[in-house]
Amino acid sequence: MDALFLSVLQALVIALGAPLLVGTLRTLKARLVGRRGPAPWQPFLDLRKLFGKTPVVSETTSWVFRATPYVLVGAMLVAALAAPVLTSRPPLAFAGILLLMSLFLLGTFFLALAGLDAGSAFGGMGSSREVTVAGLAEPTVMLAVFALALRASTTNLGGIVERVTIEPLLAVNPAHLLAFAAFFIVMLAETGRLPVDNPATHLELTMIHEAMVLEYSGRHLALVEWASAMKLFVFLTLLANLFFPWGVPADVTPPALLLGLLALAGKLALLAIALAALETAIAKLRLFRVPELLAGSFALAVLSVSAVFLLR
Amino acid sequence: MPALVYALTALFGAAAAATGVAGMLGAPWALRIDWLVPLGGLALEMDPLAGMFVALVGAAAVPVSVYAIGYAGRERRGCLAYAVFVAAMLVVPLAANVMTFALAWELMSLASYVLVLDGARAGREPAASAHAGWVYAVMTHAGLACLLAGMLLLTAWTGSPRFADWAAAAPTLSAGARSLVWALLALGFAAKAGGVPLHVWLPLAHPAAPSHVSALMSGVMIKLGVYGLLRASFVWLAPALPWWGATLLLVGAVSAVTGVLYAIVDRDLKRLLAFSSIENIGIVLVGTGAAVAFAAAALPALALLALAAALYHVVNHAAFKSLLFMAAGGVLHGTGTRDMEALGGLIKRQPWTAACFLAGAVAIAGLPPLNGFVSEWLTFQALLQNIRLPQPSMNLAFALAIAGLALAAGLAVAAFVKAFGITFLALPRSDAAAGAHEAPVPMRVAMVATAAACAGLALGASAIVPALAAVAATLVPAPAPITVGAGLTLNISGDFASLSMPAVALALAGGILLPVLLLVVARARPRVRRYETWGCGRLLQTARMEYTATAFADPLTRVFDFFYRPAARLDVDAHPESRFFVRRIRYENPTRFIVDEWLYRPLGRVLRAAARRAAVVQSGSPNLYLAYVLVALLLLLLVA
């Protein structure tokens, strides 16, 4: 019963928190450049509108195109259940970070196929770029995970959170901080944020994610956007709870969950401010500069692993 | 008549698979027929490791033979060589002395060589295919020469050609002697497995063979190289030395990355799959190398885990690679071409083939909920525990292997998005693709069964992994670090990691169905308007507007240009009146293979020069040859 309650609660928190997070980011970015910007809950209104519209589906496409939004949402919902969001014991308690990353890759895989399915050059361009970035980000993710797992002697997400909670000094360990930096850059790449991809642009030559989903409309587009928001939410939650695990309760009681929710909201707000400031301050990188950025994050991850070996 | 041969091979394969499973679960037997072959007689022995590989070969031969009924059921040529090929592969793991092993190994190589040539003759580029056969013959025999040298050395030093005696006598040999023999055997076995830089035959021979043969060559034949490596490292030459493990680990990581990088840029569907086999053999070799390194460092529980991961990936790769080659054969059968730039849109004409290829692509890209994900996950869990090795240099080798495997896993997604997306989605790029026909029933049955096996191997992980760990425990005796908890959860090394595939699959199914259900409940309008693809106002959508396979791989080609060393050539043929009237543009961007250029070309030059020198003694005069014989005889008499 507890498990079912927690599953529903956690899925709801992520499903509803994700559009709010995206809206907050947009509002913050608008404020930082001196615009008033939309209200933080604007994405909910967008989603409602999109769900009401008739989707237009290209005649060229196959069932892969129409199935992809559902696969994407499904993969993100499972990721939502596997991540330590409200407590360090998520509903899919066995899950490790490898499973989570593979679920994200599953979404990328199908979205890239859908990009190719309509047969337009935009979709192909977006798909080709997206899989390039995702593929090059993977070694960094694994090494950052490795550094965390070495410290916590487990790859289970909940286990890492609990271990760092017990030993707060771990959080200022050089290995931990380097892994955080590496993971942060990977987060920018995987969720299509600046300087890798600009979520606000529809300029042909620079698009990655937006080019890939250009053919989607109506409820299909709503699901794709929702899933992307959930991916961002889960990534930021991982950053918040794996690297700064304070206020993540280990038990599943209503007060503890409330505390977890409040702590998460606070940490996400801080991360959102940091992200918005970063996106306002820097420009998008040229596409063929992105591998250099990812190589930099890879170097950070290697340093992080070496630090674990040197400081053991 | 050929259909009958294939049907009988399928039955034979099923029987062999049953025997193999029995042997794997612990029903050893031995068979000796001394008079049948010289030098020790025919000797077969069943033990759990042999049983696992016999079961693998037999189980893979069943769907592939059924597939062959539809694919080549009317062609007489090649069906007997195919049956011999399967039989020889079944004997290799059972062989218990040098002679039996060498005969079975060579029979397997020769039968597959004949099949490659057969496929080459039916193919479109006879010259290229004859070259494929020649490279295959050279590499496989160079490998055999290394194997025989190693085995004969060991026979001389232990005084017995029987494998069982080697295991008993090996600990008495010096470390240097064991390392020499191991290096020779590893060269031979890695050449068969397709480890870089001995992989050059694989991307030539596998695409040239008929598709059912490619499925077996990539699916199981190269795994017998892994079998040999396991035997040599853990049984014949035990106890293992650390440098063997480090070598295998690095060769595996290099193979994984190299294989997937070439797979990304290739436009030949079957060659792409062949390169991806090199990647997967790399993953298996990393697992094997980790096992050897852990065993050499007296960490048997971790060695057992790494070995179980390697064996699991061997089984999984056999399933999804034979599935992919069968589906690629379906494409070839239906369109007559393997060139991805001429394919596209096949999902509408070949829905079954497309769905099966998609299942195989998800599996091989290491994505949940299919089997490739589970064995890659297990391999990573074994690698991540290397902190328990004391030497920092070894830790570094492991960290490099982890990064290499992760890069390979990420790029495999790119390679298979390309393989499926360009081949099956969007509009057909040629008349051949537009007029494709679906595969006949036997081919479809075989593909669907293999796709189901991919799902079964993932969902049944909590039963399969412990069984494979039991096989691994016969090589490295240790208590298994793998336990099965509530909800079919696999627990690795206590609470280091855990995974429950049925729960993931259920959650995924629920997560996919939930939005569907909610939309139904909310009565969202199910109506969908079909319209043409948005195209900036151009009038007609044609296949020329699609991304091509080459264009798709372009970003990665640029990122890794130090590796591909592309030699781009652009010829523009302009009108004599004005250079703005272009009559013809020719653009070439061939990939160069650095192993070919830096290793095999110089080696070939050296060999040719040496042969030319040696040719001096060949005058063609019989008198001179008789004089050679006389001199040789005299010399031998003097020495004796």
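Colleague: What are the mean pLDDT of chain A and the share of its residues that reach 70 or more?

Modeller: The mean is 87, and 99% of the residues of chain A reach 70 or more; pLDDT is the predictor's confidence in each residue, from 0 to 100. This is a predicted model, in which local features need pLDDT of at least 70, side-chain atom pairs count only at pLDDT 80 or more, and totals for chains, interfaces and linings use all residues. Residues are numbered from 1 along each chain as its sequence is written, while chains are lettered from A and ligands numbered from 1 in the order in which they are written.

Colleague: How many residues does each chain bring to the contact?

Modeller: Chain A brings 69 residues and chain B brings 70. Two residues are in contact if their C-beta atoms, placed from the backbone, lie within 7 Å. On the side of chain A that touches chain B, H5(A) gives the most, with 20 residues.

Colleague: What makes S1(A) and S6(B) a pair of strands?

Modeller: Pairing requires that DSSP finds at least two bridges between two strands. Three bridges join S1(A) to S6(B), residues 529–531, so the two strands pair, and they run parallel. Within S6(B), B:Tyr531 is the bridge partner of A:Ser58.

Conventions. Helices (H or I, at least four residues) and strands (E, at least two) are DSSP runs, numbered from the N terminus.
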